[in-house]
Amino acid sequence: RNVFAQDFRNNPGDGGTVTFGFNVPQTGAYADEGADELRAYQLAVKHINGEGDGGLLNTMQPLSLKGDGVLGKKVVYVTGDTQTKSDAARASAKRMIEKDGVIMYSGGSSSGVAIAQQSLAQEMGIVFMNGLTHSNDTTGKDKRRYGFRHFFNAYMSGAALGPVLEAEMGKERRAYHLTADYTWGWTQEESIKNTTEGLGWQTANAVKTPLGAGDFSQYITPVLNSGADVLILNHYGKDMINSLTQAVQFGLRDKQVNGKDFQIVVPLYSRLMAQGAGANIKGIFGTTNWNWSLQDAGSQAFVKSFGQEYGFPPSQAAHTCYVQTLLYANACQMAGTFYPPEVIKALEGFEFDGMGNGKTLYRAEDHQCFKDVLVVKGNENPSSQFDLLEVVQEVPRSQVEYDAGLFGGELGPYEV
Amino acid sequence: MDTFALQLLNGLDKGGAYALIALGLTLIFGTLGVVNFAHGALFMLGAFCAVTVQKILTISVKVKDESITFFEAYKEVPYLETWFGETGSVIIDYSVPISILVAIPVMLLIGLVMERGLIQRFYKRTHAEQILVTFGLAIVLQELVKANFGANPIPTPAPEAVAGSANIGEWLGLGSTVVYPWWRLIYLAFAGVVIAAVFSFLQFTTFGMVVRAGMQDRETVGLLGIDIQRRFSIVFGLAAVVAGLAGVMYTPILPPDYHMGMDFLVLSFVVVVVGGMGSLGGAVAAGFLLGILQSFASMNEVKSILPGIDQIIIYLVAVVILLVRPRGLLGRKGVMES
Amino acid sequence: MTNKITLRSDNMMMGLFALAILTMPIWLMPIGASYPDLMQKFAIFGIFAIGFNILFGLTGYLSFGHAAFLGVGSYTAVWSFKLLSMNVVPAVIFAVIVAGAFSFLIGFISLRRSGIYFSILTLAFAQMSYNLAYSVLTPITNGETGLQLAKSDPRVIDGLFVEAGAGIPSTNFFGIAMSGYSGFYFCAVLLIIGFYISLRITRSPFGMMLKAIKSNQNRMSYTGLNTRPYALTAFVISGMYAGLAGALLAVTDPLAGAERMQWTASGEVVLMTILGGVGTLLGPMLGAVIIKYFENIFSAFNETLLNNIFSFLPEGLQEVVVSVVGLFVGEGWHLTLGILFMIIVIYLPGGLVEGAQRVRDYVGRKRHKKTSEAHQPQIAE
Amino acid sequence: MGILQVQDVNKSFGGLKALHNVNLDVEEGAVHAIIGPNGAGKSTLLNCFVGRLKPDTGSVMFNGTSLLGIAPHEINQAGVARVFQTPEIFGDLSLIENVMIPTFAKRDGAYTVNAWGRIDQAAEIREKAEHILEDVGLAEKQEMHANSLSRGDKRRLELAMCLVQEPKLLLLDEPTAGMSRADTNNTIDLLKRIGERGITKIVIEHDMHVVFSLASKISVLAQGTVIAEGAPEEIKGDPRVQEAYLGGAHL
Amino acid sequence: MTETPALQSNGPQGNAPQASAAPERNKGPAFFSCWDIHGYYGESYIVQGVSFDIREGEIVALLGRNGAGKTSTLRTIARMSDPQLTHGEIWLDHKPLHEMSDFQASQFGVGLVPEDRRIIPGLTVEENLQLAQIAEPKGWSIERLYEHFPRLAERRKQEGVTLSGGEQQMLAVARALARDVKLLLLDEPYEGLAPVIVQEIERILEEIKGLGLTTIIVEQNAIAALHLADRAIILDMGQVAFDGIAQEVLDNAELRQEYLAI
Ligand SMILES: Nc1ncnc2c1ncn2[C@@H]1O[C@H](COP(=O)(O)OP(=O)(O)OP(=O)(O)O)[C@@H](O)[C@H]1O
Ligand SMILES: Nc1ncnc2c1ncn2[C@@H]1O[C@H](COP(=O)(O)OP(=O)(O)OP(=O)(O)O)[C@@H](O)[C@H]1O
Ligand SMILES: [Mg+2]
Ligand SMILES: [Mg+2]
């Protein structure tokens with residue numbers, strides 16, 4: 001297969017190792033999430049190199065990796081701090097590329113940062129495997145040939161929530177949206193609004209709130225007497241923790257409006273958010289990409305090796321980062337080369353199973369993974385400190401699929 | 001009408017919080033002349049007093065969840081509950097009010113140590129150097145908290161009894177649509193009490209005059225037999241306590257994290273300066289003014305006319321006030337003007 | 001003021017400075033900082049800090065909003081790439097002009113006040129710019145995601161000359177791609193020019209007027225000088241430096257995000273300047289290098305790397321050392337930065353450059369004493 | 001017609017009438033001394049000339065144009081320089097820079113961006129500055145920071161800064177206060193020497209030795225009102241002045 | 001505590017200025033004495049080994065040219081942080097001032113009227129006086145001060161720094177008297193004052209002299225100071241150039257010419 005002996009950026013050549021770059025938030029609001037992602041990456045490298053119990057290498061299908069590294073080269077890695085800022089993330093990624101010679105880099109925790117890194121990947125000709133990023137734009141209008149996303153997106157959250165909301169709350173509802181005033185918030189609001197309006201719900205109002213507002217009281221009080229009976233919080237991270245905590249304090253959950261119990265919905269959940277909001281999340285609906293309580297073999301295998309290594313279960317962010325690393329390594333093995341265009345082609349349209357979320361497709365047209373989505377709610381009666389979210393339903397992949405052209409964008413060329 | 005009443009309440013409540021946070025800063029900044037970028041960190045440390053107290057009160061017996069085999073998962077029952085039953089739960093429930101009692105001596109100590117150990121050397125240095133050292137200190141404190149408590153916010157709920165909302169409308173005869181969380185009302189009252197206490201201490205005793213004089217001219221005050229250094233330490237300790245209390249009281253509204261101080265730092269500087277340097281009354285007035293304007297600017301009716309106004313209102317008001325009134329609302333001439 | 005400043009000593013300093021900057025790829029190698037992106041950042045933030053120092057160091061006006069001009073420079077440059085040409089020359093020129101105009105507006109209003117009131121005014125303007133860029137102005141700034149190039153951008157000038165390729169074209173200086181080392185040298189040359197201009201300003205009558213503003217504005221006006229336009233000129237010049245820095249960020253990496261305008265970014269340049277030494281020529285550059293070095297290199301250490309570094313130690317000791325050092329690097333790099341700030345300002349008042357001078361003076365004190373204090377008898381011991 | 005004409009100037013601070021219908025006519029080339037008890041309003045009057053204060057009513061005409069309502073730097077550019085009661089100097093600049101700044105201001109006007117020339121090469125300006133420092137006896141200290149001067153030296157520096165501008169009208173608020181006898185005498189000599197250059201001077205002074213060595217005309221201000229005006233000899237003998245100001249001082 | 005009067009301590013004689021071996025030194029333990037004090041402003045060496053004694057109730061005129069170090073000497077005695085005392089001892093009433101800080105020295109009875117008056121901005125006249133009576137021991141009551149300085153009584157509500165120069169000087173002297181002082185240090189009390197006021201202040205100083213208050217007065221108006229003083233000390237280049245009876249200076253034209261140019 002030496003036809004691919006072309007020179008490309010950071011070609012590992014005859015060296016015995018190949019370097020991955022893990023670019024996660026180590027400081028700032030998402031530092032804890034970043035730390036969990038880093039753990040997952042380290043675990044993935046271990047497993048690829050044939051150390052430890054092998055993790056998902058035992059369940060993944062089809063599998064080309066042999067547990068001896070990638071194409072016979074041991075994987076080593078470097079880390080960096082994105083600070084959850086686009087500039088810092090790109091600087092850190094450039095360091096990995098220019099100084100450390102990484103062949104692939106990966107990371108996430110915010111859509112803006114992910115998109116910034118993804119476009120850098122295209123410029124530099126290095127594959128970027130997105131970690132946690134939920135905006136439709138990542139594989140929509142800002143998609144890139146060199147970027148791939150395993151995580152689900154706002155559209156899929158909305159599509160998955162629809163039937164559950166209908167079952168739990170009925171068709172006659174008035175929803176009030178509070179939306180973080182930036183691109184992720186907008187796509188989230190749009191997606192969930194499409195879903196709820198599709199159910200026949202009315203939209204009482206959709207209000208933008210400044211990022212990092214801290215105190216949301218001035219946005220919550222208008223909800224009280226707006227006639228709405230559902231509050232949808234299109235917030236993430238600290239904003240969501242604060243707005244939810246305060247909404248509950250304003251007595252929204254004890255309210256009766258239009259003869260119905262007032263409800264709050266949080267489209268995107270994460271474990272850290274659940275921890276930060278404490279008891280306030282009990283019974284509140286939302287979606288996640290993955291949860292450690294899933295019982296399929298892949299999830300069990302991952303929870304086992306992560307839990308034994310670190311003493312606690314992995315978060316959804318850890319899961320997606322782990323899977324992404326394996327998928328990339330596997331694609332190189334499949335392609336028989338590290339030459340990015342070939343690796344990309346191997347990933348495009350790749351269909352696999354046994355990594356949680358059931359049968360999964362890496363769609364070629366937009367580099368978005370399609371798989372089952374979890375609708376969850378805050379656990380009313382947790383049995384342990386990790387038991388925060390209860391899976392209400394595993395919404396099948398077919399229900400969240402959409403047309404690849406829906407969000408526009410262009411992947412760009414293979415060769416740069 | 002009720003939206004208006006509610007936004008007014010929001011404004012007052014925010015104002016109380018802003019004033020309380022800015023009060024400590026104006027003591028240090030406006031009175032001692034030290035640009036204290038670590039003020040936010042003091043606020044944050046106060047909040048983590050509450051977290052620590054809660055952590056201590058909820059030290060738990062851990063009952064292993066046997067269904068999980070890959071790692072250790074527990075159901076936790078606090079010792080206080082196993083020992084004292086109901087009473088124990090109540091104590092835990094009241095951890096935030098209890099933290100206030102703890103925070104006063106702790107923050108006083110922190111303030112004194114900080115002043116004696118560090119700030120003291122910087123009274124005569126340039127503002128630039130004060131900024132650098134206090135910013136460095138703020139980062140260090142922040143990172144220490146992060147290393148111990150993680151980066152994620154930590155829920156610290158208000159006591160059950162005041163967790164819900166009060167039906168203010170009914171009391172005032174405005175109908176039942178005006179409800180407001182108890183804890184926020186308590187915060188407002190608490191802010192009022194603390195502000196009044198600080199005011200009377202500085203206005204009705206000679207302490208305030210001496211400190212003001214000392215800031216203007218340390219040497220001469222020393223010549224008059226006054227140990228100004230000791231008084232500066234006390235002011236600093238007092239400011240730390242006020243900042244800390246503001247932090248403790250804020251925890252049920254905003255689950256604390258290590259970065260919360262930085263988030264409030266700029267705001268508190270704006271409040272202090274808009275109020276006028278060296279003026280306690282100014283800081284309080286500016287706090288309420290900005291709080292109320294911010295609340296009204298966030299109303300949908302206003303936002304539909306001026307999109308994004310709620311994001312910039314505080315800064316816009318600051319600019320207008322500083323251009324109309326050169327020294328802020330109640331500032332004195334010559335303080336920190338060069 | 002013991003060493004006399006002359007044209008010759010300045011030219012010498014200039015030569016050494018240029019040499020040091022241009023040879024960075026060589027001497028930064030041992031500390032792992034010799035890769036293009038970081039050196040670009042050194043040069044760019046050096047320009048930013050040097051320009052900032054013209055305002056803060058000379059006139060004493062502490063602006064807390066200079067990041068706004070940096071951001072405006074970046075946006076302008078990216079728009080120039082999108083609309084006109086991928087050539088960096090128009091981008092840089094427009095960025096400097098637009099940032100200059102923007103700083104004229106803000107400076108004109110803010111300079112009506114002095115001291116802390118001025119600082120808060122600039123802060124307020126910058127925060128408003130940031131908040132609006134993040135949300136309402138998204139059509140211009142592309143909000144959180146940041147303004148990016150797209151294949152479909154018009155690029156009217158380029159369209160006249162070259163056929164569009166398959167992907168997004170890269171920025172260039174008349175055909176030389178502005179990434180990697182060529183990007184660094186482009187920034188480095190501008191840094192050297194920027195430094196030279198700042199040197200000339202400092203040594204010029206205009207620079208002396210700026211120092212006079214810092215020293216005593218009252219006397220300045222009773223001396224027949226109109227302080228406001230002097231301060232405003234300094235403000236605009238430093239705003240243009242910031243705009244240039246912003247443009248270079250976009251030149252080397254064509255993406256402009258709103259977070260560049262946040263108060264923390266303004267604060268960063270303040271810290272760089274103070275750390276290196278307010279009012280000194282070299283200090284701001286030094287401060288910029290240190291902060292960027294920490295941000296990029298210290299944050300990248302992880303446990304495996306540390307274990308490699310300390311592998312020469314015996315097993316047990318290695319573990320202890322790694323866990324202790326680990327607190328200060330990687331995710332703990334902020335802690336180190338904070339401690340560094342404190343140590344420098346406590347032990348080297350006036351920042352690194354002045355601190356170094358103090359140390360040097362202390363060593364050579366006896367020699368200097370004789371010449372500088374002729375009117376006083378010799379010191380006793 | 002004098003070079004400076006002050007008519008019916010009134011100035012109050014709150015309830016305090018600091019200046020009450022003050023009239024003054026300073027002749028070109030004269031040394032006009034203003035004396036009077038502490039708090040009489042002498043410094044306040046000077047403040048009205050340089051734009052630091054604006055009188056409530058009245059007019060101040062300099063060379064035929066009004067000085068009221070124009071900015072301090074414009075007044076200075078018109079040719080009025082002032083030495084303050086508490087020295088106003090550029091504390092953290094060197095003495096030579098302190099003197100060069102007004103020299104540039106004189107040459108280049110109120111605002112000129114000369115950012116490319118080098119100070120150390122502005123030979124003509126420098127020479128002029130050095131020369132004036134020599135005149136006031138500070139030549140040796142020209143590289144020192146102005147802040148570390150003793151007070152007498154600061155005042156002399158300020159005087160140098162004004163003189164180097166060759167103003168038409170020089171306002172001196174207690175130029176010899178705090179100076180030793182020797183330096184006072186030097187200053188008197190210096191002021192006499194500049195007198196020869198035709199600079200009009202208004203001097204406020206409590207040291208009668210200085211006043212009577214320099215003044216060609218004296219106005220006596222008490223409680224905001226001019227109570228006497230005339231040649232030195234007349235003033236010396238005026239009983240009201242004796243009572244309000246001089247006391248039993250031996251002159 | 002150590003009762004050792006300063007003059008008995010023996011130090012290196014090398015630096016002792018020749019003229020300081022004044023005859024008074026042998027007349028028993030002095031009420032106040034400073035011995036071989038050295039003071040620095042940062043790196044500048046300004047007070048270069050000054051020694052002298054004062055008996056209780058004595059009034060000493062401290063004279064010298066501009067920049068001779070008079071102010072610096074007073075500041076050193078008042079234990080201000082600048083100039084820094086690097087060497088030497090200062091004793092007042094058998095207590096070591098050199099071991100005290102500024103406020104302790106003040107509480108023990110050192111009162112300085114500083115040369116630029118140092119009225120505190122932002123405080124009214126009355127507050128400036130009250131400030132002096134915060135720390136014990138208090139001296140004259142504010143009522144008594146107002147009796148002596150009726151002008152201050154009129155202006156009591158005005159901000160101190162807006163007073164005219166002379167008024168400020170009165171306030172500074174009054175403020176010193178508001179404390180119970182053992183040793184009064186006056187730095188150029190006549191500066192900037194109208195002749196009538198100078199006479200008034202002179203009267204007050206005479207009165208203070210009558211009270212037997214030990215005083216050091218620094219004054220450019222040497223003649224006036226010498227008339228008031230019992231003794232004169234002349235400083236030159238930070239060292240004592242003369243120490244003797246005040247009348248001696250008035251009589252010795254050569255001395256006056258050399259150090260005072262009068
Ligand atoms: N800003 C002000 N506010 C209130 N009163 C003032 C102000 N400035 C001056 N005064 C008062 O006005 C009167 C005149 O003051 P001014 O300084 O002009 O006196 P002066 O004649 O210069 O006295 P001196 O010879 O002592 O310097 C004084 O009584 C003073 O207290
Ligand atoms: N803060 C300071 N830093 C450095 N040098 C100083 C400082 N203050 C005073 N000096 C220097 O100390 C010397 C003595 O000053 P000092 O003020 O004690 O003199 P003085 O005898 O009181 O003079 P004057 O009669 O002018 O008040 C002077 O040469 C002066 O330049
Ligand atoms: Mg006066
Ligand atoms: Mg003196």
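Q: What makes a residue near a molecule such as a ligand?
A: A residue is near a molecule if one of its heavy atoms lies within 4 Å of it. The model here is predicted, and in it 21 residues surround ligand 1.

Q: Which chains supply the residues that surround ligand 1?
A: The residues around ligand 1 come from chains D and E, so the site is shared between chains. The closest residues are D:Asn38, D:Lys42, D:Ser43, D:Thr44 and D:His206.

Q: Which helices and strands each supply at least two residues of the shell around ligand 1?
A: In chain D, β2 (16-26) and α1 (42-50) do so, together with α6 (165-177) of chain E.

Q: How do the residues of the shell divide into nonpolar, polar and charged?
A: Five residues of the shell around ligand 1 are nonpolar, twelve are polar and four are charged.

Q: Where do polar contacts to ligand 1 show up?
A: Look for pairs of N or O atoms within 3.5 Å. In the side chain of D:Thr44, an N or O atom is 2.5 Å from an oxygen atom of ligand 1. For D:His206, a polar side-chain atom lies 2.8 Å from a ligand 1 oxygen atom. D:Ala40 uses its backbone: an N or O atom there lies 3.2 Å from an oxygen atom of ligand 1.

Q: How much of the accessible area of ligand 1 does the protein cover?
A: On its own, ligand 1 has 630 Å² of accessible area, and the protein covers 85% of that.

Q: Which pair of chains shares the most contacts?
A: Chains A and B do, of the seven pairs in contact. Chains B and D have no contact, and their closest C-alpha atoms lie 13 Å apart. No contact joins chains A and D either, where the closest C-alpha atoms are 34 Å apart.

Terms used:
Residues numbered from 1 in each chain as written. Chains lettered and ligands numbered in written order. Predicted model: local features only at pLDDT ≥ 70, side-chain atom pairs only at ≥ 80, totals over all residues. Heavy atoms only, no water. Contact = heavy atoms within 4.5 Å. Polar contact = N/O pair within 3.5 Å; in protein donor to acceptor, adjacent residues only side chain to side chain. Areas by Shrake-Rupley, 256 points an atom, 1.4 Å probe, with all protein chains shown as cover. Helix = DSSP H or I, 4+ residues; strand = E, 2+ residues; numbered from the N terminus. Nonpolar A, V, L, I, M, F, W, Y, C, P; charged D, E, K, R; others polar.
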